[in-house]
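This briefing is written for a reader who wants the geometric details of one structure set out by topic. Please keep the sequence and the coordinates at hand while reading.

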Amino acid sequence: MSFKSLGLSEPLLKAISKKGYETPSPIQAKAIPPVLEGKDVLASAQTGTGKTAGFTLPMLHLLSKGPEQRHRPIRALILTPTRELAAQVHANVKEYSEFLNIRSAVIFGGVNQNPQVNKLNQGVDVLVATPGRLIDLENQGLLSLKKVEIFVLDEADRMLDMGFLRDIERIMKLIPNKRQNLMFSATFSKDIKKLAYSILNHPVQVEATPENTAVEVIEQKVYRVAKGKKTNLIIKLISEGNWKQVLVFTRTKHGANKLCKKMISAGITAAAIHGNKSQGARTKALAGFKNGSVRVLVATDIAARGLDIPLLPHVINFELPNISEDYVHRIGRTGRAGAEGQAISLVSADETTYLKGIEKLIGESIEVEIVEGFEPDPNASTEPIKPGQNRNQGRGRNSNSRNSSRNSSKNSKNSNRSRSRNRNTNSR
Ligand code: AMP
């Protein structure tokens, strides 16, 4: 299977080969043909499967075949849940449209709107947006969605997780009824199906490789360790392993900052990425991590969502998440595009229950190692840290809003990763 045989135009094939892609990924092979035929598509795919090119390439093909538009109204709208994802998708749109006469822009909140408005005023064919800023600018009369022909809802499950349902419904009222819709989601809960039903018109359903494949190619290991020795252990592992690109997860923003400072003091370049960081700081941290000037990126779960970091060799859970599904999301960042990865978890006595929950979810026990000098504390309590009264930070997550029955659904692909929509993201 080649990109050419999928029927994509020459300028797109040129951009694809410039990116170095040789063959379409499974989701691309399945999604591109129906999109080119003008059909609605409902795709089950997560970040790392090549889904962005899966919708962007055929979308650009269709737009470039359409009649020349003098005033360049917005003809394609791509909605994403996070600013980072919006920026990444837009970067892809720009790369793939390099040899086409297509203009694109990205808008998201947290930054001054004026440069975004200036860009819109110059005429834009493809707009990538997060819901809040999109509605805001539309309310101000600074953009119109009346000419949208193609609507893409990316990471629909995360949209719902983050409470964007009302915004999506509002946006649907701003775009024409007659349009092509593409919806991507990693999971298919009842709410997602309901949303799909309300947006899509006789969609073709496509699925990427099963979710669990990623987990199978990842080498997982647990280090049992005393809580107070975690920082020194992680520094030892990274330094002695000479690991160059490590994504570390902490449970709280405060924990991320603290660990980041310790790493820097130990001579390891590190940056933290979480909700309290400005957009500029987050973008800079991510860019540094990608170009190799930052060795360790310390992130909270929410901040790490949708980050496009290809072929990540090491993920470390400095603390285990108290939601087992978050573990699968975290370690899914290694072993992407078929490459092998290593996922390490530092587990103290009070995380024993979380570890059991994770092992139950993934259906296997994870290999345990103890490093001399970093042994677990035999007297430490195995009582789990109560969400909401985190011992270290004083600010925790409200677990009451979560569906505690989720952990028991080992084999249910859809329910495994479905989340409560009321999650308290304050501490993350
Ligand atoms: P995505 O799932 O869209 O976030 O893409 C994940 C990563 O795979 C990105 O870094 C893409 O540049 C890369 N990618 C997408 N399609 C292909 C392909 N056909 N061959 C190789 N890499 C790809």
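A residue is counted as near a molecule or strand if one of its heavy atoms lies within 4 Å of it. On that basis 14 residues surround the ligand, and the closest are Y21, Q28, G48, G50 and T52. The model is a predicted one, in which local features need pLDDT of at least 70 and side-chain atom pairs count only at pLDDT 80 or more, while totals for chains, interfaces and linings use all residues. Residues are numbered from 1 along each chain as its sequence is written, and side-chain values use heavy atoms, with hydrogens and water left out.

**Ligand surroundings**

- An oxygen atom of the ligand lies 2.4 Å from an N or O atom in the side chain of Y21, and an oxygen atom of the ligand is likewise found 2.5 Å from an N or O atom in the side chain of T52.
- The ligand taken alone exposes 500 Å², of which the protein buries 81%; accessible areas come from the Shrake-Rupley method with a 1.4 Å probe, and for residues only the protein chains shown count as cover.
- The shell around the ligand comprises four nonpolar, eight polar and two charged residues, where Ala, Val, Leu, Ile, Met, Phe, Trp, Tyr, Cys and Pro count as nonpolar, Asp, Glu, Lys and Arg as charged, and the others, Gly among them, as polar.

**Aromatic rings and charges over them**

- The structure holds two aromatic pairs, a term for rings of Phe, Tyr and Trp (its six-membered ring) whose centres lie within 6.5 Å, with planes under 30 degrees apart counted as stacked, over 60 as edge-to-face and the rest as tilted.
- One of these is the tilted pair of F55 and F184, with 5.0 Å from centre to centre and 55° between the planes.
- This pair links distant parts of the chain, since F55 belongs to helix α3 (residues 51-65) and F184 to strand β6 (residues 180-185), 129 residues apart; helices (H or I, at least four residues) and strands (E, at least two) are DSSP runs, numbered from the N terminus.
- Both F55 and F184 are buried, where buried means under 20% relative accessible area, exposed over 50%, and partly exposed in between (1.4 Å probe, protein chains only).
- K14 lies over the face of F99 at 4.2 Å from the ring centre, and the charged end of K230 sits over the ring of F318, 5.7 Å from its centre; the criterion is that NZ of Lys or CZ of Arg is within 6 Å of the ring centre and within 35 degrees of the ring normal.

**Positive phi values**

- Most residues other than glycine have a negative phi.
- R72, by contrast, has a positive phi near 45°; R72 is found in the loop between α3 and β2 (76-79) and is buried, with a relative accessible area of 13%.
- N242 also has a positive phi, of about 55°, although it is not a glycine; N242 is placed in the loop between α11 (230-241) and β9 (246-249) and counts as partly exposed because its relative accessibility is 45%.

**Two further buried residues**

- M263, in helix α12 (residues 253-265), counts as buried because its relative accessibility is 0%.
- M263 and I235 are 28 residues apart in sequence and 6.7 Å apart in space, C-alpha to C-alpha.
- S104 is part of strand β3 (residues 104-107) and is buried, with a relative accessible area of 7%.
- The side chain of S104 makes a polar contact of 3.1 Å with the side chain of H90, a polar contact being a pair of N or O atoms within 3.5 Å, of which, within protein, one must be able to donate a hydrogen and the other to accept it, and for which residues adjacent in sequence count only if both atoms are side-chain atoms.
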